[in-house]
Amino acid sequence: MSTSTTASPNEAKLWGGGKSPFNLEYGKVMMWYFLMSDAFTFGAFLISYGTVRFSTNGWPDSNQVFRSFPFAPEGVHAPLVFVSIMTFILIVSSVTMVLAVHAGHNMDKKGVVRNMILTIIGGIAFLSCQAWEWNHLFHEGAWWGANPFLNADGTASSTNFTNFFFTITGFHGFHVFSGVLINIIMLIMTLLDKFEQRGHYLMIEKAGLYWHFVDLVWVFVFTIFYLL
Amino acid sequence: MSHPHNADANHEANNAAVMAEIKKVTILLSVLTIVELILGFWMIGISSAALRLAIKGVIIILMMSKAFYIVAYFMHLKHEVKNLIMTIIVPLSLFVWFIGAFLWDGSSFKNLRNTYNPYFKEQSTIKVEKKESEHGAATHGAEKHEAVKHEAGAGEAKQKPADEKYY
């Protein structure tokens with residue numbers, strides 16, 4: 001790649017002008033760059049969480065904190081169960097989004113509509129789960145600046161744990177919320193035949209990139225907060 | 001390409017390949033998540049620090065592979081032009097330094113405080129006695145008793161070596 005002799009004729013065509021050298025539509029390239037900047041934002045949040053955790057002697061045990069389940073009788077503790085359901089909801093909604101993008105490639109309006117509806121339902125289900133969890137933690141006395149949970153070794157904890165938890169899951173939840181709104185707008189545009197008129201479903205692909213990114217961030221948030 | 005029915009056949013084959021790939025990645029992501037959860041459940045009962053650290057390492061590897069499958073296949077990055085892949089991956093590789101430097105800094109700060117700030121160190125060894133009853137309410141009475149007993153036992157055990165040091 002360093003010399004012109006190794007450049008294939010394919011590559012020469014790519015950089016010869018007249019078309020995107022990334023072989024990608026402008027909006028999709030820009031979506032990638034936006035997601036990259038967003039990755040740095042989330043990365044900064046998670047790294048600061050790690051730094052603070054590494055600089056403290058004690059930290060609450062996530063299995064003691066996140067052990068509740070909706071409609072479970074009092075005193076029943078199920079660590080990890082609720083959050084694993086949330087994780088699977090997001091994975092499944094990511095899969096339906098892929099199917100919507102794929103249907104868009106085939107100009108299959110019906111498939112796009114069906115899979116977008118499923119993706120929106122998945123997003124709303126995830127947000128509902130998160131709302132329940134936040135509400136439950138709030139009623140246990142946890143909020144920004146308030147941490148009722150002791151450290152794993154029984155010593156007094158600081159508010160760092162709850163501050164980071166609510167800030168980071170809140171920021172992620174806000175992304176999910178925006179994603180649901182974007183998906184609803186895409187669904188309406190599909191139903192109004194906007195993409196049929198344009199002759200392509202590229203907007204669905206851009207919304208899909210954003211939605212997968214939200215799922216990707218949850219992979220990290222879920223692992224770091226609930227498993228590590 | 002000149003024969004329309006040929007192009008149709010190509011399209012069909014391509015369709016089937018894409019669907020097979022989606023199916024494969026879905027199954028992979030589910031399996032990786034389930035393995036992560038099994039490790040998480042397993043870790044609840046483990047007290048050995050070294051083993052916990054090893055499990056955490058495995059969980060991080062699984063997390064990174066999940067991230068790879070989502071980005072490469074769901075976000076389609078693997079099938080894009082190499083130039084695009086590089087403009088995404090090269091800036092993100094800064095994270096290697098970010099994570100290493102900041103975690104190192106955090107743990108260094110902890111060591112410095114434990115070494116030079118006796119108050120900080122002492123505070124982080126004092127067990128909280130009765131605070132649990134304030135928020136725990138009546139939901140887990142039996143467990144609370146056990147916890148208190150355990151804490152008391154641990155406290156005594158901690159106390160003794162510390163006392164011996166002074167003599």
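Axes are lines fitted to C-alpha atoms, for helices over the stretch in contact, and the angle between two of them runs from 0 to 180 degrees between N-to-C directions. The legends below describe close-up views of a predicted model.

**Figure 1. Helices α5 and α6 of chain A pack against each other.** The axes of helix α5 (residues 109-139) of chain A and α6(A) cross at roughly 155° and come within 9 Å. Angles over 145 degrees count as roughly antiparallel, and α5(A) is therefore roughly antiparallel to α6(A). The crossing in which α5(A) passes α6(A) is left-handed. On the α5(A) side, the residues that meet α6(A) include V112(A), M116(A), T119(A), I120(A), G123(A) and L127(A). On the α6(A) side, the partners include T169(A), V176(A), G179(A), V180(A), N183(A) and L187(A). Sorted by class, the contact of α5(A) with α6(A) holds 15 nonpolar, eight polar and one charged residues.

**Figure 2. Helices α6 and α8 of chain A form another packed pair.** Two packed helices are described by the angle between their axes and the distance between the axes. For helix α6 (residues 160-191) and helix α8 (residues 202-227) of chain A, the angle is about 160° and the axes are 10 Å apart. The two helices, α6(A) and α8(A), are therefore roughly antiparallel to each other. Their crossing, that of α6(A) and α8(A), is left-handed. Among the α6(A) residues that meet α8(A) are F165(A), I168(A), H172(A), H175(A), I182(A) and M189(A). Among their counterparts in α8(A) are M203(A), A207(A), Y210(A), W211(A), V214(A), W218(A) and F225(A). The contact of α6(A) with α8(A) has 16 nonpolar, five polar and no charged residues.

**Figure 3. M97 of chain A is a buried residue in a helix.** M97(A) belongs to helix α4 (residues 81-105) of chain A. Is M97(A) buried or exposed? M97(A) is buried, because 30 other C-beta atoms lie within 10 Å, and a residue is buried if 20 or more do so. Neighbours within four places in sequence aside, M97(A) is in contact with T119(A), G208(A), W211(A) and H212(A). The residue T119(A) is also among those of α5(A) that meet α6(A), and W211(A) is among those of α8(A) that meet α6(A). M97(A) and V112(A) are 15 residues apart in sequence, and their C-alpha atoms are 8.8 Å apart in space.

Figure 4. L181(A) is found in helix α6 of chain A. L181(A) counts as exposed because it has 12 C-beta neighbours inside 10 Å. Between L181(A) and G75(A), 106 residues apart along the chain, the C-alpha separation is 37 Å. S20(A), in turn, lies in the loop between α1 (9-14) and α2 (26-54) of chain A. With 13 other C-beta atoms within 10 Å, S20(A) is partly exposed. The C-alpha atoms of S20(A) and W32(A) are separated by 15 Å, and the two residues are 12 apart along the chain.

**Figure 5. Chain B touches chain A.** Here 48 residues of chain B are in contact with 46 residues of chain A. Which elements give two or more residues to the side of chain B that touches chain A? They are α1 (4-44), α2 (49-74), α3 (82-92), α4 (94-116) and α6 (132-136) of chain B. The largest share of this side, 11 residues, comes from α1(B). By class, the residues of the side of chain B that touches chain A are 26 nonpolar, 12 polar and 10 charged.

**Figure 6. The fold of chain B consists of helices.** Chain B has seven helices and zero strands, in the pattern α-α-α-α-α-α-α along the sequence. Of the 167 residues in chain B, 8% are buried. Among the contacts in chain B with a separation of 6 or more, 46% join residues 24 or more positions apart.

**Figure 7. Confidence is given for each chain and for the model.** The model scores ipTM 0.88 and pTM 0.84. Chain A has a mean pLDDT of 91, and 95% of its residues reach 70 or more. Over residues 1-7 of chain A, pLDDT stays under 50, and the model has two contacts beyond four places in sequence for them. Chain B has a mean pLDDT of 79, and 73% of its residues reach 70 or more. Over residues 131-167 of chain B the pLDDT is below 50, and this stretch has 17 contacts in the model beyond near neighbours in sequence. Where pLDDT is low, the predicted coordinates should not be read in detail.

Note on methods: Residues numbered from 1 in each chain as written. Chains lettered and ligands numbered in written order. Predicted model: local features only at pLDDT ≥ 70, side-chain atom pairs only at ≥ 80, totals over all residues. Contact = placed C-beta atoms within 7 Å. Helix = DSSP H or I, 4+ residues; strand = E, 2+ residues; numbered from the N terminus. Nonpolar A, V, L, I, M, F, W, Y, C, P; charged D, E, K, R; others polar. Parallel < 35°, antiparallel > 145°, perpendicular 65-115°, else oblique. Left-handed = near helix turned anticlockwise from the far one by under 90°. pLDDT = per-residue confidence, 0-100.
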